[in-house]
Amino acid sequence: MTQVRRSDVARAAGVSPAVVSYVLNGGPRPVSADARRRVEAAIAELGYRPNKIAQALRGTRTHSIAMLMPDHLNPHFAELAQAMEDEAQRRGYVLIIGTAANDVEREQSYLRSFLDRQVDGVVLISASADPDVDEIERAGIPLVLLDRAAGGPSRSSVVTDNRAAAALGVRHLQEHGRSRLRFLSGPAELEPVRDRDHGWSETTGDASLDNVWRSAFSREAGYEAVRDAIARAGVDFDGLFTASDAQAIGALKALREAGVRVPDDVAVVTLDGSEAGLYTLPTLTAVVQDVRRLAAYAVEIVVAHAAGTDITPVHHTLQPSLRLMDSCGCGSTG
């Protein structure tokens, strides 16, 4: 038999889960007589029984933080997760990690599970451009959007300046004298991708994005996108900027199979700067995201909000740096 949740009662009564909580707990906010009747009727009809253990834990810190990310195989997300775990452990917290596999329904299932477990906070790298975090917010659980700051200023966020990152990578290719550039970008609906697109267009003048290819943030997708582009038009470019290391790794394979020499024929610069790029052939010149600082800020916000010392939304935008390796022609500089 499926367990009836507080959210089910709220839906049946036409109120928020918070109102159901006020009825069950006698406050802290008043509830109109009409709303109370509807809530009580829904409880009776659905047979809802409050979780006494969860109620006992409510208001007690569990020293656990949940992190949800789209893809654990993406080297950037994997390094972020490791940095998050290290930072949480340093502060005496346990990190619970979930992978949504770029599936919005699976993401929602994880968020409900985190809610049931009474975690002290949630750090979310959403698979959605507009994540549904209403239940987390109504429950008063601290939320930090990491890597992707969807939802505006009302939600705490920690991100890299993606517009500046794309501009930095493109300018470096231009400094090598590369003028026929292509950009392997990501899914257009995601906010960081839109920012990277802006950085590209502002730096290249490609306002219509005619020279932009798109793929998912994966090795396979990057490989297929570059392979297909070469099959359509040949190698009509001398510089390639990729929006992630995962895509760049796939792109290198497609270029190699096409007989393209990197960096002699095509210079490549990527965005992320994960350690995976140090073991490709050639090694990847990268615009680097500081995963340690991203993780440190995210955990800091959750801990402060959970302790009640700071409940206002906090926003950090980190500036990227450039790591010079072999794929652009610079060679490793250590």
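Gly 239 has Ala 267 in strand 9 as its bridge partner in this predicted model. That pair belongs to a parallel contact in which four bridges join strand 8 (residues 239-242) to strand 9 (residues 267-272). Both strands sit in an open sheet of six strands with mixed pairing, ordered 7-6-8-9-10-12. Strand 7 (212-214) and strand 12 (321-323) are the edge strands here, each pairing on one side only. From one strand to the next, this sheet twists by 20° on average.

Helix 11 (residues 245-257) lies across strand 6 (181-185), strand 8 and strand 9, and it runs at about 160° to strand 9. Helix 9 (residues 191-204) has 14 residues and reaches 20 Å from its first C-alpha to its last, close to the 20 Å expected at 1.5 Å a residue. Its buried residues are Pro 192, Val 193, Arg 196, Asp 197, Gly 199, Trp 200 and Ser 201. What do the buried residues of helix 9 pack against? Their partners are helix 8 (162-175), strand 6, strand 7 and strand 9. Just after helix 9, Gly 205 takes a positive phi of about 80°.

Another open sheet of six strands has the order 2-1-3-4-5-11, and its pairing is parallel. Strand 2 (94-99) and strand 11 (315-318) stand at its edges with a single partner strand each, so one side of each is left without a neighbour in the sheet. The twist in this sheet averages 15° from one strand to the next.

| Strand | Partner strand | Bridges |
|---|---|---|
| Strand 1 (residues 64-69) | Strand 3 | four |
| Strand 3 (residues 121-124) | Strand 4 (residues 143-146) | three |
| Strand 5 (residues 156-160) | Strand 11 | four |
| Strand 8 (residues 239-242) | Strand 9 (residues 267-272) | four |

Ala 66 stands opposite Val 122 in strand 3, and Val 122 in turn stands opposite Leu 143 in strand 4. Val 123 has Val 144 in strand 4 as its bridge partner. Are the faces of strand 3 covered or open? Both are covered: Gly 121 and Val 123 are buried on one side, and Val 122 and Leu 124 are buried on the other.

Finally, a word on confidence. The protein chain has a mean pLDDT of 90, and 92% of its residues reach 70 or more. Where is pLDDT under 50? It stays under 50 over residues 52-58, for which the model has seven contacts beyond four places in sequence. Where pLDDT is low, the predicted coordinates should not be read in detail.

Methods. Residues numbered from 1 in each chain as written. Predicted model: local features only at pLDDT ≥ 70, side-chain atom pairs only at ≥ 80, totals over all residues. Heavy atoms only, no water. Pairing = 2+ DSSP bridges. Helix = DSSP H or I, 4+ residues; strand = E, 2+ residues; numbered from the N terminus. Axes fitted to C-alpha atoms, helices over the stretch in contact; angles between N-to-C directions. Contact = heavy atoms within 4.5 Å. pLDDT = per-residue confidence, 0-100. Expected span 1.5 Å × (residues − 1). Buried < 20%, exposed > 50% of the residue type's maximum accessible area, 1.4 Å probe, protein only.
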